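My notes follow, in the order I went.

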Amino acid sequence: MSHISYPFKKTNKAVYQKPASVLTEDTIYWKKLGLPVLVKEFGAIDFLDFSPVEPYYFAATCSVRVQVYDPITKVVAKNISKFVEAAYGATFRGDGRLLVAGSEEAVVKLFDIQSKNILRVFTGHAGPVHRTYFTKDQVKIISYSDDKSVNLWDIATEEKLATFSEHTDYVRAGAASPISPDIILSGSYDHTVKLYDCRSNETVLTVNHGCPVESTLFLPSGGIFISAGGTEIKVWDIFNAGKLLANISQHHKTVTTLGLASNNSRLMAASLDRHVKIYDISTFKVVHNIDFPNAVLSMAISKDDDTLAVGMIDGIISVRKREKPARLADEKRGLFKFAPDHIQTSIVEEAKTKEKLNKSSESDKFLRKMEFTKALAAVLKTYVATKFPEKTAAIIQEMLKRNVLHVAMDGLKEKDIGTLLKYFKKNLGDTKFSRVIIDATNVFVDVFGNHVKTFSELNQLLYTSLIKAIEDEIEVCKRVSELEGAINLLMAGAQISSGNDTIEINDTFTPSSKAQKEIVIDI
């Protein structure tokens, strides 16, 4: 008895495959950072900071020293070891010539990067100083201490200018305002973040973060600040009496460090959960995530996102350098509803990528035969126009290029004219199709403008509603253009000072008498 043979059916493995990860522009951009180079230090990496000037060295504060690394060779360029006890929070001045650091000794020390000499020693704290920063004018220093106080120091005279002692627990976070040398922010383990005005020596704002505050950050406008503590990151509006704008909770362990990247358009947050998450400042949604082998204590990124340095609890520094120095490219800005006439769309290419090229579509066959009306009617079928509007737009665009759309429209039946009007009205607001539909509508008016009264009643209503929709769209575009201009003005005013307009600092400091007495032997 003969057996009937059937074609072999392959086993379906697609059901169990991993879902493909969505590749966004941010994912591609951040993955261009090279493979990490790991550097071992003695002790946990307390703080990392990049020099704002080339060659963008970064300072790593760990144990009883500050190591200044070359980001290209990943070797120590300068070793500052003039501490008896643990050093904390070393940061560069805006010109890259000076570096300030706190310490377990309850003093703040100012160093000359070139000579590694101690230039100033600021005494007055009663507890370890964990964070130090330069003010906006670069001539004063802010220090944050475990004695629950925040001090402001004058570099030239080595004197204390102001003290704020309103916190009830350790103060281990803070920031200097990017727009004013007199505004100071501090975050404490008493769960509060306070804003001070040094002109009146008063606290002008207090907000409750809800957890011990580990890091704070100003946005470039100076009107919004961000606090991190526990598993939460909170965004506050200064000008609206400290209103909470956003509460981000994407980490499952304590957030330790905040930073800005990509020309201040991205927020970076590092956590003890071994992740560095990157957020879009406009939406505060995660756009990328970088994993590390151990809990992250500190993080810094250089100008133009060229080098990312991450310090971990086990003393490892992970350094990733972009293979090609790059900044966020002039990314695809999308097609706007108010795009000028010279903006060209790429719907044809988009339609081709979505369409299987191994089989010619019905409309393409008609195009080859120069039967333009049939080709247009083929893509106006309900299924195609509704399910695949890009195919309809692609054919219309092709006919516009060939200057034959008026020929195709002239031969359409009454039913197809109604379908075309419905398509125009439905997709007019889609930015991908706006330009093509506007051009096609102009052709439609040229062809049928004098014969609209001969249309069926339904088509006349569709035509009238389309004209009304176009008028509304034009009005919306005008308002959007006005709004865009206003936003551009605001953004221009809110931009943080770039390296080209920084304050010229021509000060030359010699070691003070306190600094000369500070003798620590380098071994």
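This is a predicted model: local features need pLDDT of at least 70, side-chain atom pairs count only at pLDDT 80 or more; totals for chains, interfaces and linings use all residues.

Residues are numbered from 1 along each chain as its sequence is written, and side-chain values use heavy atoms, with hydrogens and water left out.

**Surface patch**

I looked up where Met 491 sits, and the place is helix H10 (residues 457-494). Helices here are DSSP runs of H or I with at least four residues, strands are runs of E with at least two, and both are numbered from the N terminus. Together with Leu 483 and Ile 487, Met 491 makes a nonpolar surface patch of about 290 Å². For patches I take residues with over 30% relative accessible area and no salt bridge, joining nonpolar side chains (Val, Leu, Ile, Met, Phe, Trp, Tyr) within 5 Å and like charges within 9 Å. The areas come from the Shrake-Rupley method with a 1.4 Å probe, and for residues only the protein chains shown count as cover.

**Aromatic rings**

I searched the whole structure and got 18 aromatic pairs. Rings of Phe, Tyr and Trp (its six-membered ring) pair if their centres lie within 6.5 Å; planes under 30 degrees apart are stacked, over 60 edge-to-face, and the rest tilted.

Phe 50 and Phe 58 come out as tilted, because their planes are at 50 degrees, with ring centres 5.3 Å apart. Both Phe 50 and Phe 58 are buried.

Phe 122 and Trp 153 make another tilted pair, at 5.4 Å centre to centre and 45 degrees between the planes. I noted that this pair links distant parts of the chain: Phe 122 is in strand E9 (residues 118-123) and Trp 153 in strand E12 (residues 150-154), 31 residues apart. Phe 122 is buried at 0% relative accessibility, and Trp 153 is buried at 1%.

Which residues form one aromatic cluster? I listed Tyr 423, Phe 424, Phe 444, Phe 448, Phe 455 and Tyr 463.

I also checked for charges over rings, meaning NZ of Lys or CZ of Arg within 6 Å of the ring centre and within 35 degrees of the ring normal. Arg 322 has its charged end over the ring of Tyr 29, 4.1 Å from the centre. Lys 391 does this with Phe 388, at 4.2 Å.

**Helices**

Tyr 423 and Phe 424 are among the buried residues of H8.

H6 (residues 389-402) also has 14 residues and reaches 20 Å from first C-alpha to last, close to the 20 Å expected. Its buried residues include Pro 389, Ile 395 and Met 399. After H6 comes Asn 403, with a positive phi near 60 degrees.

**Salt bridges**

I count a salt bridge when a side-chain nitrogen of Lys or Arg is within 4 Å of a carboxyl oxygen of Asp or Glu. The whole structure has 19 of them.

Asp 146 pairs with Arg 172, with the closest N and O atoms 2.8 Å apart. Asp 146 is in the loop between strand E11 (140-145) and E12, and Arg 172 is in strand E14 (residues 171-176), so the pair ties together parts 26 residues apart in sequence. Asp 146 is buried, at 9%.

In H6, Arg 402 and Glu 398 are four residues apart, so about one helical turn separates them. Their side chains meet in a salt bridge at 3.1 Å, N to O. Arg 402 is partly exposed at 37%, and Glu 398 is partly exposed at 23%.

I also found Asp 26, Arg 266 and Asp 280 linked in a salt-bridge network.

The peptide bond from Glu 54 to Pro 55 is cis, with omega near 5 degrees. Pro 55 is in the loop between strand E2 (45-50) and strand E3 (58-62).

Glu 158 has a positive phi near 65 degrees. I placed Glu 158 in the loop between E12 and strand E13 (160-164), and it is buried at 13% relative accessibility.

How values were computed. Buried means under 20% relative accessible area, exposed over 50%, partly exposed in between (1.4 Å probe, protein chains only). The expected span of a helix is 1.5 Å times one less than its number of residues.
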